[in-house]
Amino acid sequence: MVERAQGIHHITAIGSDPQQLVDFYTGVLGLRLVKKSVNQDDVSAYHLFFGDRTGEPGMDLTFFTFPGVRRGSHGVGQVTLVSLAVPDQALDFWQARLERHGVHHEAVAERFGLPRLRFYDPDGQQLELVGVPVDQLATQASQLWTHADIGTEQAIRHFHSASLSAASLGSVEPILLQALGYERVNQDEHRTLYHLEGQQRASALEVEEAPGGPAGLNASGTVHHIAFGATDEAHQLALRELVLNMGLHPTQVIDRYYFKSVYFRIPAGILFEIATMGPGFTADEDEVTLGERLALPPFLESQREQIEAGLPPVHIPAASTS
Ligand code: ZN
């Protein structure tokens, strides 16, 4: 029997202005810009990775940035909500912080027994902070990135979950249960909650069933794909085989340098990826200086000057550099 996937590995979204995103995700949310690279399929676009101290799988939210790109819309066939776990007693701190920074947010509301604070990034990306009892949070304090205003008591720990919108549960559920190893654990009127047994970090997923709902438009402010972790290359191949046996069409293994990737689109229309846990972002940079210079995979290094000239400069806010 094939081992379960290792939860959400990373989530990649589309954004517009790279500096605006860096200011928001590092300056307001206190994440670390762990890697500043380019979209390997379009080197005129940044690929920015925001995470914890080293951007470990389970806390790695990444963006392709296209200045001036039009706003997308959220709907069926997309990951519509990215949920981030924080200690439950920190939700008041976060609500006050979002208000102070003029971030559009909703009132705290409970879903599946946990309080949630939904908010929107500068491109309209839907996110929420989920208040989780401290003993159920997986990340060690030493793995957290520190910010002048955000201590380890408040810092975002890891993905809590993500919500997938689909016309029918049947277009998502079989892949979650039979290939990735999730279990269905709860259900309300429109939403079904899944969990990977034995895992705390980034281990939940929700599927929102919206028959007849409008399809999402993939552009700025929407998620491009969601990746799930494979322990190593052998595990990745085993998971790929399961996907193939379900009649889907996974790509060959692609070397993304920081991890290896296999992509496939599920019947609900959402792009899934299976990514290896390693080697990670310290493969080409020291932990101390992660994200400071433009990182290029070896096959693009010879074009560095030209690539850098085509990208707007971005700087990291001072409060988020320690
Ligand atoms: Zn990816």
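Q: Where is the place of A202?

A: A202 sits in the loop between strand 11 (191-195) and strand 12 (204-209). Helices here are DSSP runs of H or I with at least four residues, strands are runs of E with at least two, and both are numbered from the N terminus. Before we go on: this is a predicted model, where local features need pLDDT of at least 70, side-chain atom pairs count only at pLDDT 80 or more, and totals for chains, interfaces and linings use all residues. Residues are numbered from 1 along each chain as its sequence is written, and side-chain values use heavy atoms, with hydrogens and water left out.

Q: OK. What's phi for A202, and is the residue buried or exposed?

A: Phi of A202 is near 55°, a positive value in a residue other than glycine. A202 is buried, with a relative accessible area of 1%. Buried means under 20% relative accessible area, exposed means over 50%, and partly exposed is in between, using a 1.4 Å probe and protein chains only.

Q: And what about F112, where does that lie?

A: F112 is in the loop between strand 6 (109-111) and strand 7 (114-120). F112 isn't a glycine either, yet its phi is positive, about 50°. With a relative accessible area of 19%, F112 is buried.

Q: Switching to the metal. Which residues coordinate the zinc ion?

A: H10 (NE2), H225 (NE2) and E273 (OE), at 1.9 to 2.1 Å. Donors are N, O and S atoms within 2.8 Å of the metal (3.2 Å for Na, K and Ca), and water is not among the atoms, so sites may look incomplete.

Q: What spacing do the donors follow along the chain?

A: The pattern is H-x214-H-x47-E. H10 lies in strand 1 (residues 8-15) and H225 in strand 13 (residues 223-230), so that pair ties together parts 215 residues apart in sequence.

Q: Are those two histidines buried or exposed?

A: H10 is buried at 2% relative accessible area, and H225 counts as buried at 4%.

Q: Which residues is F259 in contact with?

A: Setting aside neighbours within four places in sequence, the contacts of F259 include the zinc ligands H10 and E273, and also H9, I254, P279 and F281. F259 lies in the loop between strand 14 (254-255) and strand 15 (260-265), and is buried at 6% relative accessible area.

Q: You mentioned P279. What's the peptide bond from G278 like?

A: The G278 to P279 bond is cis, with omega near 5°. P279 lies in the loop between strand 16 (271-276) and helix 5 (304-309).

Q: On to the hydrophobic side: how many residues has the largest nonpolar core?

A: It has 71, and Y25, L176, L205 and F272 have the most contacts inside it. The largest share of this core, 5 residues, comes from helix 1 (residues 18-28). A second, separate core of 9 residues includes F49, A227, Y258 and F281. A nonpolar core is a set of buried Ala, Val, Leu, Ile, Met, Phe, Trp, Tyr and Cys residues joined through side-chain atoms within 4.5 Å.

Q: What is L176 in contact with?

A: Beyond neighbours within four places in sequence, L176 contacts G181, Y182, Y194, L205, V207 and F272.

Q: Which residues of helix 3 are buried?

A: E173, I175, L176, A179 and L180. Helix 3 is followed by G181, whose phi is positive, near 90°.

Q: How do helix 3 and helix 4 cross?

A: The axes of helix 3 (residues 173-180) and helix 4 (residues 233-245) come within 9 Å and cross at roughly 140°. The axes are lines fitted to C-alpha atoms, for helices over the stretch in contact, with angles from 0 to 180 degrees between N-to-C directions. The two helices are therefore oblique to each other; under 35 degrees counts as roughly parallel, over 145 as roughly antiparallel, 65 to 115 as roughly perpendicular and the rest as oblique. I175, Q178 and A179 of helix 3 meet L239, L242 and V243 of helix 4.

Conventions
Contact means heavy atoms within 4.5 Å.
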